[in-house]
Amino acid sequence: MEQPPRPTLDSVTTIRDDGSRRFLFPADARGIFSLLRRASGLFLIAFYLSLPWIKVGGYPSVFLDVANRRFHLFGFTLAAQDAWLLFFLITGLGFLLFFLTALFGRVWCGWACPQTVFLDHLYRPIERWIDGDAVRRRALAAAPWSPSKAAKRLAKHGLYILVSAVITHLFLAYYVSVPEVWAMMRASPGDNWSAFAFIAVATGALYFNYAWFREQLCIIICPYGRLQSALQDDNSLIIGYDTRRGEPRSTVSAGKARAADGSAAVSAAPAGDCVACNRCVNVCPTGIDIRNGLQIECIGCAACIDACDEVMVKLHRPTGLVRYDSLNGFQGRKTRWFRPRIAVYTVLLLAGISVASWAFSTLRPANIGVTRMVGAPYIVDIHTVRNQFLARIVNKRTEPQRFVVSLELTPPELTAIGFSGVVVVPPLGEIVEPLILQMPRPKYNGPFQVWVSVGDEAGSFHLRRQVEFLGPDPRLLREEEQENARQGKSN
Ligand code: SF4
Ligand code: SF4
């Protein structure tokens with residue numbers, strides 16, 4: 001049976017020298033962090049998967065209704081025209097992540113990232129339930145094929161595919177809502193080809209990731225993991241090994257290392273507290289040895305803390321040989337929580353929150369767009385100069401709205417055809433109608449700006465769009481009119 005090599009800093013434990021994959025069989029850790037992670041992981045799974053079910057303001061709390069170009073976020077409804085606000089939301093989350101990483105290291109990776117949460121709290125428990133603990137899993141992987149092994153593999157991968165399909169369906173519900181997913185499930189795949197293809201591909205991708213790829217995503221692909229060294233410094237909270245306390249390592253047994261009351265070492269040679277049991281390595285889901293120092297593969301899952309604490313308790317030694325601390329803390333220096341990097345991230349975060357709050361406060365319950373119709377920019381007949389536009393009014397509210405359309409600061413001779421009186425737009429709907437502006441030929445003296453305004457009847461808000469009224473060179477119009485007049489006289 002292949003045993004993993006001793007992890008070093010210049011190799012990746014999961015990749016053999018010939019480049020092939022070495023699979024890990026991380027042992028289970030037991031302790032306070034494992035318990036807390038289990039609780040928070042199950043809560044997050046419930047949270048991620050229940051968002052499409054929980055309604056806020058009549059809509060799922062997160063409903064990215066792409067078909068109707070509406071985004072419902074915890075009671076806020078954004079139209080496609082408001083998508084620019086998502087920029088502030090995403091950059092705000094980015095700054096928040098920078099801020100948290102600078103303070104608390106990879107707390108996101110170990111505690112909240114969907115990759116870790118689903119792997120550690122859904123897929124690994126299935127594996128443990130069917131294949132057994134790490135020793136049994138390793139033995140089963142090395143064993144020749146037998147009916148029992150085939151049955152276990154079938155059961156495990158069948159459950160993986162089932163769980164992946166459930167997650168994918170609920171993920172699709174973020175985009176089309178739960179009732180729509182349910183309707184699609186009962187219809188023939190041919191009726192919803194694109195959704196069916198999405199489900200098939202996404203289920204396959206999840207299955208591949210959680211059944212086979214696993215920690216490789218964190219080690220090789222995730223860009224956030226690569227950013228760690230830039231975001232953290234010597235005062236960031238990390239999971240590390242206390243070299244000053246642990247070294248030199250000894251391999252003496254618990255009884256010999258220290259008396260039961262922990263007071264007096266009885267081994268012959270002076271030794272650190274690390275007994276080189278390798279328990280911290282065995283539980284590590286990325287296969288690294290935390291005693292080699294901070295490594296990019298460490299996802300901050302805290303399994304090695306629990307593993308080492310368990311050993312220390314058995315040896316009647318203080319816990320915390322592997323613990324949360326800063327690099328300065330591990331060196332015996334004071335951890336500085338407030339530092340220039342934190343100040344910069346705080347300012348960026350506050351600026352992001354302020355701008356996002358302002359942007360959301362400018363949200364209006366409607367949107368208007370006025371665009372010139374394709375074709376000639378203007379039309380001239382014997383009486384008038386005309387410009388033709390298409391006006392689009394979008395109702396972003398979930399109830400019908402009545403709008404009044406008017407022209408502002410325009411020459412008194414300018415008249416509008418279309419959008420007369422009150423315009424009623426259905427909930428989350430829109431209407432698109434021609435808006436024709438015209439003015440008598442003799443009054444046209446060159447291009448000018450027109451403001452098209454849309455407001456509600458109560459006057460609580462109004463939106464304006466500027467368009468340009470175009471026409472031919474007025475001198476040509478005058479000459480043509482004079483010519484027509486001359487011809488009229490001579491006739
Ligand atoms: S070194 Fe410790 S915290 Fe980091 S991934 Fe391994 S077990 Fe988790
Ligand atoms: S679990 Fe603790 S004692 Fe055992 S090898 Fe790791 S650091 Fe040393």
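Predicted model: local features only at pLDDT ≥ 70, side-chain atom pairs only at ≥ 80, totals over all residues.
User: In which sense does α6 pass α8, left-handed or right-handed?

Analyst: The crossing of α6 past α8 is right-handed. Residues are numbered from 1 along each chain as its sequence is written, while chains are lettered from A and ligands numbered from 1 in the order in which they are written.

User: What makes α6 oblique to α8?

Analyst: α6 and α8 (residues 193-213) pack at about 130 degrees, with their axes 8 Å apart. Axes are lines fitted to C-alpha atoms, for helices over the stretch in contact, and angles run from 0 to 180 degrees between N-to-C directions. Under 35 degrees counts as roughly parallel, over 145 as roughly antiparallel, 65 to 115 as roughly perpendicular, and the rest as oblique. The angle therefore makes α6 oblique to α8. Among the contact residues are Tyr160, Ile161 and Phe171 of α6, and Phe198, Ile199 and Leu206 of α8; contact asks for C-beta atoms, placed from the backbone, within 7 Å. By class, this contact holds 14 nonpolar, five polar and no charged residues. Nonpolar covers Ala, Val, Leu, Ile, Met, Phe, Trp, Tyr, Cys and Pro; charged covers Asp, Glu, Lys and Arg; the others, Gly among them, are polar.

User: How do you know that α6 is oblique to α7?

Analyst: The axes of α6 (residues 147-176) and α7 (residues 178-186) come within 7 Å and cross at roughly 120 degrees, so α6 is oblique to α7. His169, Leu172, Ala173 and Val176 of α6 meet Val178, Glu180 and Val181 of α7. Five of these residues are nonpolar, one is polar and one is charged.

User: Why is α4 called roughly antiparallel to α6?

Analyst: Here the angle is about 160 degrees, with the axis of α4 (residues 114-131) 10 Å from that of α6, and that is why α4 counts as roughly antiparallel to α6. This crossing is right-handed. The contact includes Tyr123, Glu127 and Asp131 of α4, as well as Lys152, Lys156 and Tyr160 of α6. Its residues divide into eight nonpolar, no polar and four charged.

User: What puts a residue in the shell around ligand 1, and which come closest?

Analyst: The C-beta atom, placed from the backbone, has to lie within 6 Å of the molecule. For ligand 1, 14 residues surround it, the closest being Cys284, Ile290, Cys298, Cys301 and Cys304. Twelve are nonpolar, two polar and none charged.

User: And which residues come nearest to ligand 2?

Analyst: Of 15 residues around ligand 2, the nearest are Cys274, Cys277, Arg279, Cys280 and Cys308. The largest share of that shell, three residues, comes from α14. Eleven residues of the shell are nonpolar, two polar and two charged.

User: How does the chain's radius of gyration compare with that of a compact globule?

Analyst: A compact globule of 491 residues would have a radius of gyration near 23 Å, but this chain has 34 Å. The radius is taken over C-alpha atoms, and the globule rule is 2.2 Å times the number of residues to the power 0.38. Along the principal axes, the C-alpha atoms fill a box of roughly 130 × 60 × 45 Å.

Technical notes
Helix = DSSP H or I, 4+ residues; strand = E, 2+ residues; numbered from the N terminus. Contact = placed C-beta atoms within 7 Å. Left-handed = near helix turned anticlockwise from the far one by under 90°.
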